[in-house]
Amino acid sequence: MNNKNLPVNVINQSKHVLPHYQTEHSAGMDLRANLDAPVTLKPLQRALIPTGLFIELPEGHEAQIRPRSGLAYKHGISIVNSPGTIDADYRGEIKVLLINLSDQDFVVEDGERVAQMVVARYERVAWQEAESLTDTERGAGGYGSTGTK
Ligand SMILES: O=c1ccn([C@H]2C[C@H](O)[C@@H](COP(=O)(O)OP(=O)(O)OP(=O)(O)O)O2)c(=O)[nH]1
């Protein structure tokens, strides 16, 4: 572990090693399915996959549960609520809400790396109710207002 990394309390009740960064500058750590038996996802079926991990994030941090691009590309496996949010005050088990967007069955095996977790800082807002907002070049334009070329 890099000594600049954020210390995070974790309880690992899974059969597997703790998630770890695969390369020097990976943003995410892959999460492994912790299963007693394989789970088959039929086309368009979803399932909540347990990880056996419980974490205690420092205040001001969240964890985002994101799809893995390889599983998405090769097998159409994504995450229904992507990115899932793990709150700093959550003490339950981290779970991954997978969905099979392909037209073939997909079998999730115990220990398979099914998602990645990115820890990020966040801000909370203090509303300041206002009569008007500042003018900008964009204004209310969105949804493709700037074109594609
Ligand atoms: O992919 C996810 C998303 C969430 N959670 C856990 C951690 C999170 O802190 C908690 C609540 O998530 P969220 O706020 O997204 O759920 P909700 O549907 O708004 O439920 P709640 O009313 O419990 O906040 O569930 C997961 O384990 N995996």
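**Ligand shell, pocket and cavity**

Reader: Which residues are around the ligand?
Author: The residues around the ligand are Asn81, Gly84, Thr85, Ile86, Asp87, Tyr90, Glu93, Ile94 and Lys95, each having a heavy atom within 4 Å of it. This is a predicted model, in which local features need pLDDT of at least 70 and side-chain atom pairs count only at pLDDT 80 or more, while totals for chains, interfaces and linings use all residues. Residues are numbered from 1 along each chain as its sequence is written, and side-chain values use heavy atoms, with hydrogens and water left out.

Reader: Which element gives the most to that shell?
Author: Strand S8, residues 84-86, gives the most, with 3 residues. Strands here are DSSP runs of E of at least two residues, numbered from the N terminus.

Reader: How does the shell divide by class?
Author: It has 3 nonpolar, 3 polar and 3 charged residues. Asp, Glu, Lys and Arg count as charged, and Gly is among the polar ones.

Reader: Which side chain has an N or O atom 2.6 Å from an oxygen atom of the ligand?
Author: That is the side chain of Asp87. The side chain of Asn81 has an N or O atom 3.1 Å from a ligand oxygen, and a polar backbone atom of Lys95 is 2.8 Å from a ligand nitrogen. A polar contact is a pair of N or O atoms within 3.5 Å.

Reader: And how much of the ligand does the protein cover?
Author: On its own the ligand has 570 Å² of accessible area, and the protein covers 49% of that, by the Shrake-Rupley method with a 1.4 Å probe.

Reader: What volume does the largest pocket have?
Author: Its volume is about 550 Å³. A pocket is an open set of points on a 1 Å grid with protein on both sides within 12 Å along at least five of seven lines, and lining residues have an atom within 4 Å of a point. There are 23 lining residues, and the closest to the pocket centre are Leu6, Val8, Pro19, Tyr21 and Met29.

Reader: Which elements contribute to that lining?
Author: Strand S2 (29-32), strand S5 (53-56) and strand S11 (113-121) each give two or more residues, and S11 gives the most, with 4. By class, the pocket lining has 18 nonpolar, 4 polar and 1 charged residues.

Reader: How many cavities of 30 Å³ or more are there?
Author: The structure holds 1, a cavity being a set of points where a 1.4 Å probe fits but cannot get out. About 40 Å³ of space lies in the largest cavity, which is lined by Ser14, His16, Val17, Pro19, Arg32, Thr51 and Leu53.

Reader: Last topic: how many salt bridges does the structure hold?
Author: It holds 4, a salt bridge being a side-chain nitrogen of Lys or Arg within 4 Å of a carboxyl oxygen of Asp or Glu. One of them joins Asp110 and Lys15, with the closest N and O atoms 3.3 Å apart. Asp110 lies in the loop between strand S10 (106-108) and S11, and Lys15 in the loop between strand S1 (9-12) and S2, so this pair ties together parts that are 95 residues apart in sequence.

Conventions: Points joined across faces, edges and corners; volume = space filled by probe spheres on them. Polar contact = N/O pair within 3.5 Å; in protein donor to acceptor, adjacent residues only side chain to side chain.
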